[in-house]
2 protein chains.
Amino acid sequence: MTGWKRYFPVFDWGRGYNRKTLGNDMLAAAIVTIMLIPQSLAYALLAGLPPQAGLYASIVPIMLYAAFGTSRALAVGPVAVVSLMTAAAVSRLAEPGSEQYATLALTLALMSGVMLLAMGLFRLGFIANFLSHPVVSGFIMASAILIATSQLKHILGVSASGHTLPEMLTSIYNGLGGLHWPTVVIGVGSVAFLSWVRKGAGPQLARFGLPSAMARTAPIFAVAITIGLAFALDLGAGGMELVGHVPAGLPPLTIPDFSPDVWTALVGSAAIISIIGFVESASVAQTLAAKKRQRIDPDQELIALGAANAGAAFSGGYPVTGGFARSVVNFDAGAETPAAGAYTALGLALASLTITPLIAYLPVATLAATIIVAVLSLVDTHILRESWQYSKSDFAAIAATIGVTLIGGVEAGVLTGVGLSILMHLYKTSKPHMAIVGQVPGTEHFRNIERHAVITDPSVLTLRVDESLYFANARYLEDRLYAMVAERDQLKHVILMCPAVNAIDFSALESLEEINRRLSDLDIKMHLSEVKGPVMDRLKRSDLLDNLTGEIFLSQHAAICALSGLRDSKEALCDD
Amino acid sequence: MTGWKRYFPVFDWGRGYNRKTLGNDMLAAAIVTIMLIPQSLAYALLAGLPPQAGLYASIVPIMLYAAFGTSRALAVGPVAVVSLMTAAAVSRLAEPGSEQYATLALTLALMSGVMLLAMGLFRLGFIANFLSHPVVSGFIMASAILIATSQLKHILGVSASGHTLPEMLTSIYNGLGGLHWPTVVIGVGSVAFLSWVRKGAGPQLARFGLPSAMARTAPIFAVAITIGLAFALDLGAGGMELVGHVPAGLPPLTIPDFSPDVWTALVGSAAIISIIGFVESASVAQTLAAKKRQRIDPDQELIALGAANAGAAFSGGYPVTGGFARSVVNFDAGAETPAAGAYTALGLALASLTITPLIAYLPVATLAATIIVAVLSLVDTHILRESWQYSKSDFAAIAATIGVTLIGGVEAGVLTGVGLSILMHLYKTSKPHMAIVGQVPGTEHFRNIERHAVITDPSVLTLRVDESLYFANARYLEDRLYAMVAERDQLKHVILMCPAVNAIDFSALESLEEINRRLSDLDIKMHLSEVKGPVMDRLKRSDLLDNLTGEIFLSQHAAICALSGLRDSKEALCDD
């Protein structure tokens, strides 16, 4: 794909489209549509928006992703974590439920769309790499706990508020006096039913030859049954919170807020939502593509998600991304091309035209139950155990991300995780492993003098550095080297052995020049050995090689044979 | 040195103290004292403080450094860049010249002292490594330009203000109408005299057998001559700005502000001043120590600078650090131990008791001239040229640091430089060099298939990664590897060749586990070859080795002989 077509993968997969692909895509779309109706309503609730916003956010964005996306199975729409982040960002500026709140959610979607598009067009997808996988896992785990807790009040029928775990728990505890028992029955019953289906129904369906992905349609049954109960028993009159009037119709044309003040207030949140959304979406897309030896193009994915979010902004939605659950269901149900997404969008459009009168009787507790069951599957503690075992510092980053997310909120949590990962990486590489090496007798190998019986010459110091040299460790190298030199009176030659030095940045170059100068003052020559090709190419652009008091040797053995008194020893093998 | 004595290097060098050392230290102290009198007054002016604050800041801090410091020649006191940063930080909160301003400067010194002490006790000196050398050079260059510009008004006798280059230049331009010609004569004359001495006097003194460091005492002559002129011609009455009344006396006991609001407002500035001060001081100390094969201990240096700053806070000073010019003069004049610093402190104490009546007649233009001549020697553009040649991205970091410092001020400049260095490092390592390798026929060597004529087997893919694997590049490795696998139908084995992988963090471990899982789904085995000892030790703590579908080979050659159809080829040398 070249030229403008490169931005429209639809021209790629569209050419091979046939009757069989159509059939598979339609079946997958039907299953996903049924799964998405309650999920979309529920996530809109989580985001603090009217339920139809969830349906709208699933229609236009899905179609735009189908045109621009490179994943064959990714399903785009509202997801739990992004809904929570939207609520956290927008509720700082407006009252949930108000018109202004909805407009700010649209604005957030537009800003996120613009940022994702820009990152895609300028090929800045690498920014997402700064979110380490453990940090993302920790963040999602903590978000899931926050989300589940935020829904407890709907299941218990109490009024509560707050955005952090301590706030919410205190608030729910204080509200326990107002427990509404019919709500508890509906809510806890739905959680129990949905958990049972999630665990047990897949294999049962498989026994009857049905796709196990159909188990994911269970929420629609919970919805249908509780609507029936609410209508028959008039539970709304008994004080149960129902969804209430939802206007029927296709997604409306909506206009986000363009005032600079609003954009300034939301820019940080939009950036975090964009990056978290992209990371989540790309990892789902990558997983599914790899299963079929297909590829996704991360930069094109940014463009597709950007288009989807911009679309959400102008069609009554809020920030969207590729969701894990819906994409896996889409994949398992046999979707072969992004067209399955387009059919899903049609299905949801039909639903939003027809079923809204029924939704009025839907207990909010049912939606809360679908959210709780969905997000609790994201809580996975194996990463804590494994990271503890592998590396205490990585564990600390994950634990800090989880703790700060729970107590300080989602944005503080993400920023803590990213900051800690970067600091720890810099710290670890700032004191690189280095070893003084000597020759293994009778071989051309050189090993750490502390671990092996090797031969050395007091007039030659060979230091092997096991790390790229850059600003964070350049001074450490200087410090260590000067300390070693200060201890050795007979020293005439220092050899830096560089087989593991993959790069030398300008700071490190300056340190090497300084080392060369200072050793020269002490009548010690500095040499380099086993410098890699790309590193050497770059050093040739500097003055170091001209000013170097010593030489550059292709191998450490050649260096020792040229410089050391050892060359006369038989064991050094300098026989030439 | 062990136990508590380790924190008092004075017990180390004090034992060898004798008459000869005393003589050398006294001579050096005399020269440094004469140099420091005008410099201290001038830097206090730059910091927005009364002139005596500069003298006070040179007395107690020098003595504390002598007790705690590990450098034999470092001279601690007010320096240009830290004075500028003090002015930038404190003038946001109080009017220069006011009592509150002076108290805030004391507070800044105390906070800086506490931070440096804490960094030293907790061995956090590595934090300074995050300030790359080019960024520091660029920052100091830009600060020097800011400082010189800020003194122009004193030389021209105009009133002007501002903290950034555009502000100051505009303000001076608008004030040019009020040019005061006698001030211009004194100011420009002093600049010319001092520049001439700095360039030409050293060799002349050497011809007469005098230490060339004595040339650094020239400012005291400029001071003496212009005091004489101002007194004789009563220049003060003619409108020239003179230093005015300075109280005679030893450093007073002063109490910094302890209110939490003030500490909150200054904490960021104190952190930046501490780190910049430490980096400047440590690099001077390191340079001088290396010349005599001596060592400095960076963590102990932090403690010594912390004590010096805390001392400045309680004795009428402001933030101090080890200065380049004064330390080099101290070293060149023959100082052998930190005792030279103590004698300098005594000399300055004597001066502040006796010479203050004379200082009243000192033209401010003379002090401004000493500052301008001192800082312009810090402007050194070779780093721009060299970094441009070596690496465009390092050049960009330096240029951005300089630009932001000039236009946005010192703190914004430092933060920009640090942020850009870190981002660029992450970016560069986020797309590591990796090569598909094949065997060089008839050898056991493996080389990049794109650069060498090598033999490969279509069922085996060997990828050599030339970088440590960590969160910023783990996903890139996955992306690249899946793309390679998607292109190769006959693939049965993937070998990751790791001779340049110095570390694998938890993110990268998870990526490797994921790669292993996905390749397993495609019936491809994953192997590792040439894994380094420390990396292997850590991998043993994870589940990867248990779940690995393939094997771990000590050498790539062993891997090829075990896995590939090439083992039957004579050229592969698998003769065993």
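Helices (H or I, at least four residues) and strands (E, at least two) are DSSP runs, numbered from the N terminus. The structure is a predicted model, in which local features need pLDDT of at least 70, side-chain atom pairs count only at pLDDT 80 or more, and totals for chains, interfaces and linings use all residues. Residues are numbered from 1 along each chain as its sequence is written, chains are lettered from A and ligands numbered from 1 in the order in which they are written, and side-chain values use heavy atoms, without hydrogens and water.

Two loops of chain A were examined. Asp234(A) sits in the loop between helix H9 (218–233) and helix H10 (260–291) of chain A. Its phi is near 50°, a positive value in a residue other than glycine. Asp234(A) is partly exposed, with a relative accessible area of 45%; the class lies between buried (under 20%) and exposed (over 50%), for a 1.4 Å probe and protein chains only. Arg123(A) lies in the loop between helix H5 (99–121) and helix H6 (133–156) of chain A. Arg123(A) is not a glycine either, yet has a positive phi of about 55°.

In chain B, 6 strands form an open sheet in the order E4-E3-E5-E6-E7-E8, with mixed pairing. Two strands pair if DSSP finds at least two bridges between them. Strands E4 (446–448) and E8 (552–553) of chain B stand at the edges; each has a single partner strand, so one side of each lacks a neighbour in the sheet. Strands E5 (residues 460–465) and E6 (residues 493–497) of chain B run parallel, joined by 5 bridges. Arg464(B) stands opposite Met497(B) in E6(B).
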